[in-house]
Amino acid sequence: MALLAVILVGLGLLLQGFASEGSGAAHAGVIVLWPAGSFVVTALLMLASSRFGKLRARDRLLNRLALSGHETVLDIGCGHGLMLIGAAKRLPRGKAIGIDLWSQTDQHANSPEATLANAAAEGVSANVDVRNGDMRKLPLETSSVDVVVSSLAIHNVPTAAERAIAMREITRVVRAGGRVALLDIAHVSEYARELQRGGWTIEHSGITPWIFPPTRELVARKIR
Ligand SMILES: C[S@@+](CC[C@H](N)C(=O)[O-])C[C@H]1O[C@@H](n2cnc3c(N)ncnc32)[C@H](O)[C@@H]1O
């Protein structure tokens, strides 16, 4: 996106600079500069979102959980550990478990080692555990966690049927009374419907102001 923006801006400015006023090439320069401008704005928004916004969105979502500090929190599709590490910082007597299948398409340089290094850098190694696993078949016991969190991960599961399986896996591993807190760029109403079918009540659903492209948040509680 940023590269495309730079190429279009360069092309537009070249056409504007070298073509004579009112010529076809000068008009083409103006036409190229319009989409170039929107690419520049989009690239800047995405950069700001990735550098600062995701952390704010994470903290805003975790604040909603008001963790007491002794919970077991599972981050599905943890990647480099955005939610995992944020949760671990709030769990002085608890544990944060991250599972991921380490797709290199969804996240650059994705590996358990990279996530553990991030946890060490943030001083939370002692209560972080990272495992290989697929959110459609979670490697955890039934009713073994208090909270499931996930950020920008579930939409990577390719079909609605498979995402429903992931939701049922969340329902299986969370204890009655436990919570789920999710951020995602797509399919969030589908997750909410599937959770409600599984006996959850939706506590919050809305858009986070901190991530571009627009991203929805969902918090729910398992009733039975
Ligand atoms: C865009 S990254 C987001 C990583 C991290 N949660 C964050 O917000 O920065 C999506 C992550 O989901 C993982 N993922 C995709 N499909 C998965 C699946 N079926 N089970 C577990 N993890 C999955 C990918 O490997 C990747 O680490």
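Which residue forms a salt bridge with Arg221? The partner is Glu203, and their closest N and O atoms are 2.9 Å apart. This is a predicted model, where local features need pLDDT of at least 70, side-chain atom pairs count only at pLDDT 80 or more, and totals for chains, interfaces and linings use all residues. Residues are numbered from 1 along each chain as its sequence is written, and side-chain values use heavy atoms, with hydrogens and water left out.

**Salt bridges**

- A salt bridge is a side-chain nitrogen of Lys or Arg within 4 Å of a carboxyl oxygen of Asp or Glu. The structure holds 14 of these salt bridges.
- Arg221 lies in strand E7 (residues 215-222) and Glu203 in strand E6 (residues 200-208), so their pair ties together parts that are 18 residues apart in sequence. Helices (H or I, at least four residues) and strands (E, at least two) are DSSP runs, numbered from the N terminus.
- Arg221 is partly exposed, at 29% relative accessible area. Glu203 is partly exposed too, at 37%. Buried means under 20% relative accessible area, exposed means over 50%, and partly exposed lies in between (1.4 Å probe, protein chains only).
- Glu190 and Arg163 also meet in a salt bridge, at 2.7 Å from N to O. Glu190 sits in helix H6 (residues 188-197) and Arg163 in helix H5 (residues 160-173), so this pair links distant parts of the chain, 27 residues apart.
- Glu190 is buried, at 18% relative accessibility. Arg163 is buried as well, at 6%.
- Glu169 and Arg172 form a salt bridge of 2.8 Å, N to O. Both are in helix H5, three residues apart, so about one helical turn separates them.
- Glu169 is buried at 12%, whereas Arg172 is partly exposed at 25%.
- Arg58, Asp59 and Arg90 are linked in a salt-bridge network.

**The largest pocket**

- The largest pocket holds about 1100 Å³ of space. Its lining has 46 residues, and the closest to the pocket centre are Lys54, Asp106, Gln107, Ser151 and Leu152.
- On a 1 Å grid over the protein atoms alone, a pocket is an open set of points where a 1.4 Å probe fits, with protein on both sides within 12 Å along at least five of seven lines; lining residues have an atom within 4 Å of a point. The volume is the space filled by probe spheres set on the points, which are joined across faces, edges and corners.
- Domain 1 (2-50) and domain 2 (68-222) both give residues to the lining, so the pocket lies between them. The domain bounds come from an automatic or database domain assignment.
- Helix H2 (24-65) gives the most to the lining, with nine residues.

**One face of helix H4**

- Helix H4 (residues 112-121) has Pro112, Thr115 and Ala119 as its buried residues. Seen down the axis, they fall within an arc of 65 degrees, so they line one face of the helix. The arc is that of the directions from the helix axis to the C-beta atoms.
- Glu113 and Ala121 are exposed on the other side of H4.

**Backbone details**

- Phe212 and Pro213 are joined by a cis peptide bond, with omega about 0 degrees. Pro213 is in the loop between E6 and E7.
- Ser143 is not a glycine, yet its phi is positive, near 55 degrees. Ser143 lies in the loop between strand E3 (128-132) and strand E4 (145-151).
- Leu152 also has a positive phi, about 55 degrees, without being a glycine. Leu152 is in the loop between E4 and H5.
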